[in-house]
Amino acid sequence: MKKISQCIAGLLLLWIVVSCSKNKNQTKICPPAPVALILQVVRFQIVDKTSGQDFFFSPNPPYALTDIKIVFRNSAGKLDSVPPPLKEAVPAGSHFVYPVPYTRTLDTCYIKIKNLKTDTMISTVAATKTECSTTYVLNKVQVNNNAPVAYTSGNVILIKK
């Protein structure tokens, strides 16, 4: 009788262990994901390195909005252009806005202005994954060979020429 009690106790203990391990493997129920993605953008201005005059948004700008193009590599690896980048006007002044694609965590674009040297802008997007979602945030921007700058959504990158 004692052996039967020990067997039943052992089976009961085994059943509890197996039940608990099954609960750990159950998938977490996640809330519905939001439909809209928050678009990540790089805000930038192009200014004269000596006077600080904005090349496009000063009272008498030396360049027109049609003189600037953004060239980037598309998903097929070919160069595409976005003529011109979006303009954003705020009380502190105007600047350009370039939407950063989510297709790659590291994206390179080239800023071409009429007869000036082409600038290279590299943006880095960080992906944060949880059980229920993935969030993408633009966290670094590097212009030409300068050190990368930590980027937050309100920053405006100055490109001095």
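**Strands, rings and loops in a predicted model**

Reader: How do β7 and β8 pair, and over how many bridges?

Author: In this predicted model, strands β7 and β8 run antiparallel to each other, and their pairing extends over 9 bridges.

Reader: Which residue is the bridge partner of alanine 126?

Author: The partner of alanine 126 is valine 137, which belongs to β8.

Reader: What is the strand order of the sheet?

Author: The order is β3-β2-β6-β7-β8-β9, so that 6 strands make up an open sheet with antiparallel pairing.

Reader: Which strands stand at the edges?

Author: Those are β3 (79–82) and β9. Each has a single partner strand, so one side of each lacks a neighbour in the sheet.

Reader: Let us stay with β7. Is methionine 121 buried or exposed?

Author: Methionine 121, a residue of strand β7, is buried, its relative accessible area being 1%.

Reader: What is methionine 121 in contact with, leaving aside its neighbours within four places in sequence?

Author: With that exclusion, methionine 121 is in contact with Val42, Phe44, Asp107, Thr108, Cys109, Ile111, Val141, Gln142 and Val143. As for cysteine 109, its C-alpha lies 5.4 Å from that of methionine 121, and the two residues are 12 apart in sequence.

Reader: Changing topic: how many aromatic pairs does the structure hold?

Author: There are 6 aromatic pairs. In one of them, the ring centres of phenylalanine 56 and tyrosine 63 are 6.0 Å apart and the planes are at 35 degrees, so this pair is tilted. Phenylalanine 56 and tyrosine 63 are both buried.

Reader: And why is the pair of phenylalanine 56 and phenylalanine 96 edge-to-face?

Author: Their ring planes are at 75 degrees, with the centres 5.1 Å apart. The pair counts as edge-to-face because that angle is over 60 degrees.

Reader: Where in the chain do phenylalanine 56 and phenylalanine 96 lie?

Author: They link distant parts of the chain, 40 residues apart. Phenylalanine 56 is in the loop between β1 (41–47) and β2 (68–73), whereas phenylalanine 96 is in strand β5 (residues 93–99).

Reader: What is the relative accessibility of phenylalanine 56, and what is the relative accessible area of phenylalanine 96?

Author: The value for phenylalanine 56 is 6%, which counts as buried. Phenylalanine 96 is buried as well, at 1%.

Reader: Which residues form the aromatic cluster?

Author: One cluster is formed by Phe44, Phe55, Phe56, Phe57, Tyr63 and Phe96. Phe44 is also among the contacts of methionine 121.

Reader: On to the backbone. What is phi of lysine 114?

Author: It is near 20 degrees, a positive value in a residue other than glycine. Lysine 114 sits in the loop between β6 (106–113) and β7 (119–129), and with 63% relative accessibility it counts as exposed.

Reader: What about phi of asparagine 144?

Author: Phi of asparagine 144 is near 55 degrees, again positive in a residue other than glycine. This residue is found in the loop between β8 (134–143) and β9 (149–150). Its relative accessibility of 30% makes asparagine 144 partly exposed.

Reader: Finally, where is lysine 161, and which backbone oxygen lies 2.9 Å from a polar atom of its side chain?

Author: Lysine 161 is in the segment after β10 (157–160). The backbone oxygen in question belongs to lysine 117. Setting aside neighbours within four places in sequence, the contacts of lysine 161 include Asp48, Phe55, Leu116, Lys117 and Asp119. Of these, Phe55 is also one of the residues of the aromatic cluster.

Key: Residues numbered from 1 in each chain as written. Predicted model: local features only at pLDDT ≥ 70, side-chain atom pairs only at ≥ 80, totals over all residues. Heavy atoms only, no water. Phe/Tyr/Trp six-rings, centres within 6.5 Å; stacked < 30°, edge-to-face > 60°. Buried < 20%, exposed > 50% of the residue type's maximum accessible area, 1.4 Å probe, protein only. Helix = DSSP H or I, 4+ residues; strand = E, 2+ residues; numbered from the N terminus. Contact = heavy atoms within 4.5 Å. Polar contact = N/O pair within 3.5 Å; in protein donor to acceptor, adjacent residues only side chain to side chain. Pairing = 2+ DSSP bridges.
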